Amino acid sequence: MTNLSDPLDLRHGHPLPNRLVLAPMTNQQSNPNGTLSEDELAWLVARAEGGFGLVQTAAAYVHPAGQVWPGQLGISSDEHLPGLERLAAAVSAAGARSSVQLHHGGVRAERTLSGQEVVGPWDDAQTGVRGMTTGEVQRAVEDFADAAARAEKAGIDGIEVHGGHGYLVGQFLDASNNLRQDGYGSDPAGRGRFVKEVVHAIRERTGPDFHIGLRLSVERYGLVLADMVQLVGELLASRDIDILDLSLWDVAKLPANAPEGRPTLVEHFLDLPRHGTVIGVAGHIASAAAVQRVLDQGADLAYIGKAAIADHAFSRRAIADPGYRAPSFPVTRDHLRSEKLADTFVTYFATNWPQLVEG
């Protein structure tokens with residue numbers, strides 16, 4: 001039986017001290033130029049001090065043209081290094097491991113923020129998005145690899161490639177829209193090529209003490225579940241990733257349009273041969289018992305999102321008390337501020353999930 005407090009060895013990188021991970025969450029707390037702010041540092045270090053074994057940043061753009069939100073963290077330039085170096089040192093001092101989530105918005109990027117042309121896997125005349133040339137696709141692979149090397153240089157323990165939620169990596173996996181004919185679309189092999197090249201390029205650019213994670217959505221966003229099962233199996237067999245993070249919305253949910261009963265969405269993936277890669281799951285995990293259930297089911301890690309917003313010490317309390325449950329939403333703005341959310345984060349959270357915030 002795996003316990004919440006059990007350490008976890010990774011194929012590359014340092015062991016994780018326990019099975020709880022701070023999920024990467026948009027918070028809009030970075031400085032306008034993408035450098036880490038004092039507010040964002042305080043938010044992340046509080047979670048490290050609260051016992052999370054792995055602390056992940058919000059999505060950090062690997063190229064300015066990929067920026068989606070104001071106040072988004074950047075890792076596209078060496079000007080971002082000093083803040084990341086501070087983060088690495090502070091998280092390590094608190095006893096946790098650190099990870100930066102690498103991101104590019106693709107067709108969902110915001111030109112008003114970057115001042116640059118919005119590009120993605122396909123043309124969209126309605127929004128003015130331009131389809132990338134093959135050379136630009138290959139350059140984007142290098143952008144991810146450059147960003148990972150920058151994270152390693154800063155002393156961060158690893159990265160997570162954001163392949164979920166319909167951003168650039170996920171857009172290449174979109175069976176409805178990615179009809180490219182240059183080998184990067186139109187069939188499952190073509191659609192999966194970009195993500196495979198990204199993680200392989202990162203593996204080649206980073207050392208044995210640096211771990212590579214990958215977050216994937218496995219349904220919605222034009223994804224075909226059977227194709228995603230096949231892709232995940234191939235990624236696990238490649239041994240290029242050390243951690244697979246399945247973003248499931250709800251770890252107990254059935255696949256979309258599935259009849260009642262088994263298997264649940266996550267069960268399509270937990271029985272795949274892992275070849276030394278560890279698997280984490282995210283989605284409505286808000287109690288020690290919920291964490292234990294996913295570990296008993298076969299997951300190696302539990303990614304904690306909203307529960308970590310409500311309680312910076314969720315991990316420490318869940319490890320100490322099998323009956324622990326995070327504070328229930330809605331919570332007050334003052335409660336969020338007491339949990340080291342700056343006003344920008346509080347405003348973002350309350351605007352997008354008004355039912356979760358009082359006042």
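## Helix packing and local details in a predicted model

The crossing of helix 6 and helix 7 is right-handed. The protein chain has 13 helices and 13 strands. Its radius of gyration is 19 Å, close to the 21 Å given by the globule rule for 359 residues, so the chain is as compact as a globular protein of that length.

**Helix 6 with helix 7**

- Helix 7 covers residues 225–238, and its axis comes within 11 Å of the axis of helix 6, with a crossing angle of roughly 35°.
- On the helix 6 side, the residues that meet helix 7 are Pro 188, Arg 191, Gly 192, Val 195, Lys 196 and Val 199.
- Their partners in helix 7 are Asp 227, Leu 231, Glu 234 and Leu 235.

**Helix 6 with helix 4**

- Helix 6 (residues 188–205) also packs with helix 4 (residues 134–153), at an angle of about 35° and with the axes 9 Å apart.
- Here too you can look for the handedness: helix 4 passes helix 6 in a right-handed crossing.
- Helix 4 brings Val 137, Ala 140, Val 141, Glu 142, Phe 144, Ala 145, Asp 146, Ala 148, Ala 149 and Glu 152 to the contact.
- Helix 6 answers with Phe 194, Glu 197, Val 198, Ala 201, Ile 202 and Arg 205.
- The residues of this contact comprise eleven nonpolar and five charged, with no polar ones.

**The chain as a whole**

- Along the principal axes, the C-alpha atoms fill a box of roughly 55 × 45 × 40 Å.
- Of the 359 residues, 57% count as buried.
- The chain exposes about 13900 Å², and carbon and sulfur atoms supply 49% of that area.
- If you take the contacts between residues at least 6 apart in sequence, 71% of them join residues at least 24 apart.

**A buried alanine to find on screen**

- Ala 308 sits in helix 10, which spans residues 306–310.
- Ala 308 counts as buried because its relative accessibility is 0%, and buried means under 20%.
- Setting aside neighbours within four places in sequence, Ala 308 is in contact with Leu 22, Trp 43, Arg 47 and Phe 52.
- One of those partners, Phe 52, is 256 residues from Ala 308 in sequence, yet the two C-alpha atoms are 9.3 Å apart in space.

**Backbone details worth a look**

- The peptide bond from Phe 329 to Pro 330 is cis, with omega near 5°.
- Pro 330 belongs to the loop between helix 11 (314–320) and strand 12 (331–332).
- Gln 28 has a positive phi, near 55°, although this residue is not a glycine.
- You will find Gln 28 in the loop that lies between strand 1 (20–22) and helix 1 (38–49), and its relative accessibility of 22% makes this residue partly exposed.
- His 284 is another non-glycine residue with a positive phi, in this case near 60°.
- The loop between strand 10 (278–282) and helix 9 (288–297) holds His 284, which is exposed, with a relative accessible area of 57%.

Methods:
Residues are numbered from 1 along each chain as its sequence is written. This is a predicted model: local features need pLDDT of at least 70, side-chain atom pairs count only at pLDDT 80 or more; totals for chains, interfaces and linings use all residues. Side-chain values use heavy atoms; hydrogens and water are left out. Axes are lines fitted to C-alpha atoms, for helices over the stretch in contact, and angles run from 0 to 180 degrees between N-to-C directions. Helices (H or I, at least four residues) and strands (E, at least two) are DSSP runs, numbered from the N terminus. A crossing is left-handed if the near helix is turned anticlockwise from the far one by less than a right angle, and right-handed if clockwise. Contact means heavy atoms within 4.5 Å. Ala, Val, Leu, Ile, Met, Phe, Trp, Tyr, Cys and Pro count as nonpolar, Asp, Glu, Lys and Arg as charged, and the others, Gly among them, as polar. The radius of gyration is taken over C-alpha atoms; the globule rule is 2.2 Å times the number of residues to the power 0.38. Buried means under 20% relative accessible area, exposed over 50%, partly exposed in between (1.4 Å probe, protein chains only). Accessible areas come from the Shrake-Rupley method with a 1.4 Å probe; for residues, only the protein chains shown count as cover.
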